Amino acid sequence: MAPRKPIKPKPSTTILKETIKESKRLNKVEDEKILDLIKKDSTTNYLVSAKGFWYTYVTKIEDVLPTPKAEDEVTLTYNITDLNGNVIYTKENLGLKTYKVDKEDFISALQSGIKLMKVGETITFVIPSYNAFGISGDGNKIGINQSIKSTVTLINIK
């Protein structure tokens, strides 16, 4: 006896296209929320990154100094809040972070954002979920598809 076949099979490519379309829609909604938040914060000048996050300098150093590049080891402190500034993880909770640039897993937006920084600078990054912890969250305090803010201070580059 021959196996039964679906009456109207749905090719997997159709499902994939629908998933991509829905992801783009969700990302757009998330970006709009962030842009609305930035617009309401009229006292702060946010810059947009080509990598899909926004940032503002808390402490900016005008001197010409090196910025981290691939394989440099950086030391930094950072925190994580929700978009309204409610603390999720304090920099004390997270401790001093040593990170080998582009060679270790870290929050996607911060991997790129750190390369903008000079030692002594502090930047607040506004990060959509797709550049943070994505659809899974962190499995603890950061929820599914949750956008975050993170204030990072670069302490050292080796």
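This is a predicted model: local features need pLDDT of at least 70, side-chain atom pairs count only at pLDDT 80 or more; totals for chains, interfaces and linings use all residues.
Q: Let us start inside the protein. Which residues have the most contacts inside the largest nonpolar core?

A: The general idea first: in soluble globular proteins, nonpolar side chains tend to be buried together. Here the largest nonpolar core has 24 residues, and those with the most contacts inside it are Tyr78, Ile80, Ile107, Leu110, Phe125, Ile127 and Ile148. At least two residues of this core come from each of strand 3 (73-78), strand 5, helix 3, strand 7 and strand 8 (148-157).

Q: Which residues does Leu110 touch, not counting residues up to four places away in sequence?

A: Leaving out residues up to four places away in sequence, Leu110 touches Tyr78, Phe125, Ile127, Ser150 and Val152.

Q: Now to charges. How many salt bridges does the count come to?

A: Side chains of opposite charge can pair when their charged atoms come close. In this model the count comes to four salt bridges. One of them joins Lys40 to Asp36, with the closest N and O atoms 3.3 Å apart.

Q: How do Lys40 and Asp36 sit relative to each other in helix 1?

A: They are four residues apart in helix 1 (residues 12-40), so about one helical turn separates Lys40 from Asp36. Lys40 counts as exposed, at 64% relative accessibility, whereas Asp36 is partly exposed, with a relative accessible area of 36%.

Q: And where do Lys103 and Glu71 lie?

A: Lys103 forms a salt bridge with Glu71, and their closest N and O atoms are 3.7 Å apart. Lys103 is in the loop between strand 6 (97-100) and helix 3, while Glu71 is in the loop between strand 2 (54-59) and strand 3, so the pair ties together parts that are 32 residues apart in sequence. At 53% relative accessibility Lys103 counts as exposed; Glu71, with a relative accessible area of 49%, is partly exposed.

Q: What about Lys115 and Asp102: how many residues apart in sequence are the parts that this pair ties together?

A: The salt bridge between Lys115 and Asp102 has its closest N and O atoms 2.8 Å apart. Lys115 lies in the loop between helix 3 and strand 7 and Asp102 in the loop between strand 6 and helix 3, so this pair links parts that are 13 residues apart in sequence. Lys115 counts as partly exposed at 30% relative accessibility, and Asp102 counts as partly exposed at 35%.

Q: Let us turn to Lys118. Is Lys118 buried or exposed?

A: Lys118 is buried, yet it has no salt bridge. A salt bridge needs a side-chain nitrogen of Lys or Arg within 4 Å of a carboxyl oxygen of Asp or Glu, and the nearest side chain of opposite charge, Glu121, is 4.5 Å away from Lys118. Lys118 lies in the loop between helix 3 (108-113) and strand 7 (122-127).

Q: Which backbone oxygen does the side chain of Lys118 reach at 2.8 Å?

A: The side chain of Lys118 reaches the backbone oxygen of Asp63 at 2.8 Å. A polar atom of the Lys118 side chain also lies 2.8 Å from the backbone oxygen of Ile61. Not counting residues up to four places away in sequence, Lys118 touches Ile61, Glu62, Asp63, Leu65, Pro66, Thr67 and Leu154.

Terms used. Residues are numbered from 1 along each chain as its sequence is written. Side-chain values use heavy atoms; hydrogens and water are left out. Buried means under 20% relative accessible area, exposed over 50%, partly exposed in between (1.4 Å probe, protein chains only). Lys and Arg count as positive and Asp and Glu as negative; His and the chain ends are not counted. A polar contact is a pair of N or O atoms within 3.5 Å; within protein, one must be able to donate a hydrogen and the other to accept it, and residues adjacent in sequence count only if both atoms are side-chain atoms. Contact means heavy atoms within 4.5 Å. A nonpolar core is a set of buried Ala, Val, Leu, Ile, Met, Phe, Trp, Tyr and Cys residues joined through side-chain atoms within 4.5 Å.
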